[in-house]
Amino acid sequence: MDYNTTPLVEVEGLQMHFSMKGGAFSRRAGVIKAVDGVSFKVFPNETFGLVGESGCGKTTVGRAVLKAIEPTGGKVIFDSKSGKKINLVPMTSDELRPYRQEVQMIFQDPYSSLSPRMTIQEILEEPLRLAGHTDKEYLFEQAKHMIEQVDLRSSHLMRYPHAFSGGQRQRIGIARSLITHPRFIVADEAVSALDVSVQAQILEILAELKDKMNLSYLFISHDLSVIKYICDRVGVMYLGRIVEVAETDALFHRPLHPYTEALMYAIPDINERQIRSDILAGEIPDAANPPPGCAFHNRCKYATDKCRTEVPALREFTDTFNGKEILRESACHFVEDIYYKHDEEIV
Ligand code: SF4
């Protein structure tokens, strides 16, 4: 992966704040910072993962990046096919229309996005029709091509969604998302609803299509084993912020933020690494009333007085992994200490 090239997507200081109105007898008025200054880059042909406990804001980031919800601040810079870099955040739906085909989403539950009254052919052709294509032969050829790309047969095009298993429906959902030849895909818990054996098949298809179609994914999951399998780099989220970013192998080899470390060590078997808030010590703080200083301090075994008052910035750290220098990021005051602590453990 070439990290010196121009990113396909640059998310800068993304915010999704919700105001909370207290009732006549409630004192709970204020602002919930569901996403609070999230920044990351996704490079061409890269899979960037977002992982964290339920409620950390990762799904909100995915939806805000694609403008399925309106971010309340920040930028999403997209390097469009035309060569123009555009900021999606202030754009209206009409302004976004020319770029809609370039960015797509894969959902956790494809069944809800597959109309039960349409054949698979109609379902696959629909995004092309919406993009203005009318030639029947072209539409059929594209549908046939895409259904084969997800390892289903052209004879399946005549059937209806109910005739398929959950895994097959997810393949159809993927074919539909990719039929307009997008370049950037947000996949939100795309395999979470499936059995482990089916998950593996879908992940393999996604990985193959990434290379064949030169795709980039923002891959959102609470499952560390899925993240480890498919992602090139990972951002770890906690209470609306990214607390660590690293190449996947380096992150799993040596986490540099105490939250990532806690996630990994709380669940020793990688195949069981579904993130469960109840496994980590302590409660996730209330997003409407986050603690001062580092938001993780009430659950962190390394916390000091400084952590209770000063918010740690996400800062770069140079690691040496597999004989090469790599840049990582961690939002911890004591990242250097944690790095060398691991060194002692590894030696
Ligand atoms: Fe823990 Fe302090 Fe680092 Fe936060 S800044 S993760 S509380 S050591």
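**Entry 1: Ala-281**

I began with Ala-281, which I found in the loop between α10 (258–266) and α11 (305–309). For these labels I took helices (H or I, at least four residues) and strands (E, at least two) as DSSP runs, numbered from the N terminus. Ala-281 is exposed, at a relative accessible area of 57%. My accessibility classes are buried for under 20% relative accessible area, exposed for over 50%, and partly exposed in between (1.4 Å probe, protein chains only). I also looked up its distance to Val-236, 45 residues away along the chain: the two C-alpha atoms are separated by 18 Å.

A note to myself on the source: this is a predicted model, where local features need pLDDT of at least 70 and side-chain atom pairs count only at pLDDT 80 or more, while totals for chains, interfaces and linings use all residues. Residues are numbered from 1 along each chain as its sequence is written, and side-chain values use heavy atoms, with hydrogens and water left out.

**Entry 2: the two domains**

Next I turned to the domain assignment, which gives domain 1 (9–21 + 30–102 + 182–346) and domain 2 (118–174). Such bounds come from an automatic or database domain assignment. Taken over C-alpha atoms, the centres of domain 1 and domain 2 are 32 Å apart.

**Entry 3: salt bridges**

I moved on to the whole structure, which holds 17 salt bridges. Here are some that I looked up.

- Arg-97 and Asp-94 form one, with the closest N and O atoms 3.1 Å apart. They sit 3 residues apart in helix α2 (residues 93–100), so about one helical turn separates them. Both Arg-97 and Asp-94 are exposed.
- Arg-129 and Glu-125 meet at 2.7 Å, N to O. They are 4 residues apart in helix α4 (residues 120–130), again about one helical turn. Arg-129 is partly exposed at 43% relative accessibility, whereas Glu-125 is buried at 3%.
- Glu-336 pairs with Arg-315, the closest N and O atoms being 3.0 Å apart. Glu-336 lies in helix α12 (residues 335–346) and Arg-315 in strand β11 (residues 315–321), so the pair ties together parts 21 residues apart in sequence. Glu-336 is partly exposed at 32%, and Arg-315 is partly exposed at 29%.
- Glu-244, Asp-319 and Arg-328 are linked in a network of salt bridges.

Is Arg-169 buried or exposed? I found it buried, at 18% relative accessibility. Arg-169 is in helix α6 (residues 166–178). Leaving aside neighbours within four places in sequence, Arg-169 is in contact with Pro-110, Tyr-111, Leu-114, Pro-161, His-162 and Phe-164.

Glu-102 is in the loop between α2 and β6 (103–106) and is buried, with a relative accessible area of 6%. Not counting residues up to four places away in sequence, Glu-102 touches Phe-78, Ser-80, Lys-81, Pro-182, Arg-183 and Phe-184.

**Entry 4: positive phi**

Most residues other than glycine have a negative phi. I noted Lys-67, with a positive phi near 65°, in the loop between α1 (58–65) and β4 (73–79). Lys-67 is buried at 9% relative accessibility. I also noted His-181, with a positive phi of about 55°, in the loop between α6 and β7 (184–188). His-181 is partly exposed, at 39%.

Notes:
Contact means heavy atoms within 4.5 Å. A salt bridge is a side-chain nitrogen of Lys or Arg within 4 Å of a carboxyl oxygen of Asp or Glu.
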